[in-house]
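Welcome, and please have your viewer open. We will go from stop to stop, selecting residues as we go.

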Amino acid sequence: MEQYIAQNKDYKFPHYLNAILVALIVILFLILLCLLFVVSPMTIVGDSMQNTLIEGDHIFLLKVFYDYTYGDILIFKKDSLSDKKIIKRVIGMPGDYIRYDIIEKCWYRNDQKLIEDYVKCEYTDYYLDSSYIKSELTSEKGLLVEDNSLFILGDNRVVSNDSHIYGCISMDLIVGKYLFTY
């Protein structure tokens with residue numbers, strides 16, 4: 001028995017196992033950093049983005065190093081004091097004029113009719129009777145999207161609380177950009 005113990009004292013952990021262990025720790029650390037600062041998982045709550053995103057869908061959002069353009073889906077804080085997040089599609093950017101044509105039941109950006117294949121709903125009287133949509137958005141020129149602001153809409157327009165109700169949203173409230181559903 002003493003001979004067995006003496007032999008085990010000289011036993012050394014193989015170098016390749018040390019390297020594998022260090023590599024696994026580094027990989028786990030990088031994944032943690034990535035999840036904290038670069039990407040973030042999120043679960044969709046509500047149906048304002050149906051049929052693109054459905055309540056309960058799990059998504060990843062990119063929190064840094066992104067740009068965006070028309071049609072991109074962004075995640076915002078509801079306001080500067082809230083942690084509640086909303087997810088909507090970019091329709092208008094600074095300098096754009098956005099208007100809604102009540103007769104045609106469609107949106108225009110800079111006098112160009114928007115083709116929105118992702119919208120899968122019919123506009124209802126409730127949507128059209130909104131006090132906000134009957135003012136600036138239905139005027140001949142439309143609503144000017146101010147600097148550092150975006151005009152955003154949900155894909156399920158009849159249930160979405162978005163820029164057609166509360167106006168443009170500050171770019172300072174952007175949390176990230178939708179990457180993919182998993």
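A word on naming before the tour starts: helices (H or I, at least four residues) and strands (E, at least two) are DSSP runs, numbered from the N terminus. Keep in mind too that this is a predicted model.

**The whole chain**

Start with a cartoon view, where you will find 4 helices and 11 strands. Of the 182 residues, 37% count as buried. The chain exposes about 11,500 Å², and carbon and sulfur atoms supply 58% of that area. Now think about contacts with a separation of 6 or more: 62% of them join residues 24 or more positions apart.

**The nonpolar core**

Next, select Ile-91, Ile-98, Tyr-100, Trp-107, Leu-114, Tyr-123, Tyr-127, Leu-137, Leu-143, Val-145, Phe-151 and Leu-153, and show their side chains. These 12 residues make up the largest nonpolar core. Two strands, β5 (97-101) and β9 (149-153), each supply at least two residues of this core.

Centre on Phe-151 and display what surrounds this residue. Beyond its neighbours within four places in sequence, Phe-151 is in contact with several other core members, including Ile-91, Ile-98, Trp-107 and Leu-137. Its contacts also take in Arg-89, Ser-163, His-164 and Cys-168, among others.

Move along to Leu-150, also in strand β9. Is Leu-150 buried or exposed? Its relative accessibility is 0%, so Leu-150 counts as buried.

**A buried arginine**

Now pick Arg-99 in strand β5. Why does Arg-99 count as buried? The cut-off for buried is under 20% relative accessible area, and Arg-99 is at 17%. Setting aside the neighbours within four places in sequence, Arg-99 is in contact with Cys-106, Trp-107, Tyr-108, Asp-111, Leu-137, Ser-139, Glu-140, Lys-141 and Gly-142.

Cys-106 counts as buried at 8% relative accessibility, whereas Cys-168 is partly exposed at 26%. How many disulfides are there? With a cut-off of 2.5 Å between cysteine sulfur atoms, the count comes to 0.

**A nonpolar surface patch**

Switch to a surface view and colour Val-22, Val-26, Phe-29, Leu-30, Leu-32, Leu-33, Leu-36 and Phe-37. Together they form a nonpolar patch with about 760 Å² of accessible area. One of them, Leu-33, sits in helix α2 (residues 15-37) and is partly exposed, with a relative accessible area of 31%.

**Backbone details in the loops**

For the last stops, turn to the backbone. Most residues other than glycine have a negative phi, and most peptide bonds are trans. Here are some exceptions to look for.

- Gln-50 and Asn-51 are joined by a cis peptide bond, with omega about 0°. Look for Asn-51 in the loop between β1 (39-43) and β2 (58-62).
- Asn-110 has a positive phi, near 50°. This residue belongs to the loop between β6 (106-109) and β7 (112-113) and is partly exposed, at 36% relative accessible area.
- Asn-148 also has a positive phi, about 60°. You will find Asn-148 in the loop between β8 (143-144) and β9, partly exposed with a relative accessible area of 34%.

How values were computed. Residues numbered from 1 in each chain as written. Predicted model: local features only at pLDDT ≥ 70, side-chain atom pairs only at ≥ 80, totals over all residues. Heavy atoms only, no water. Buried < 20%, exposed > 50% of the residue type's maximum accessible area, 1.4 Å probe, protein only. Contact = heavy atoms within 4.5 Å. Areas by Shrake-Rupley, 256 points an atom, 1.4 Å probe, with all protein chains shown as cover. Core = buried A, V, L, I, M, F, W, Y, C linked by side-chain atoms within 4.5 Å. Patch = residues over 30% accessible without salt bridge, like charges linked within 9 Å, V, L, I, M, F, W, Y side chains within 5 Å. Salt bridge = Lys/Arg side-chain N within 4 Å of Asp/Glu carboxyl O.
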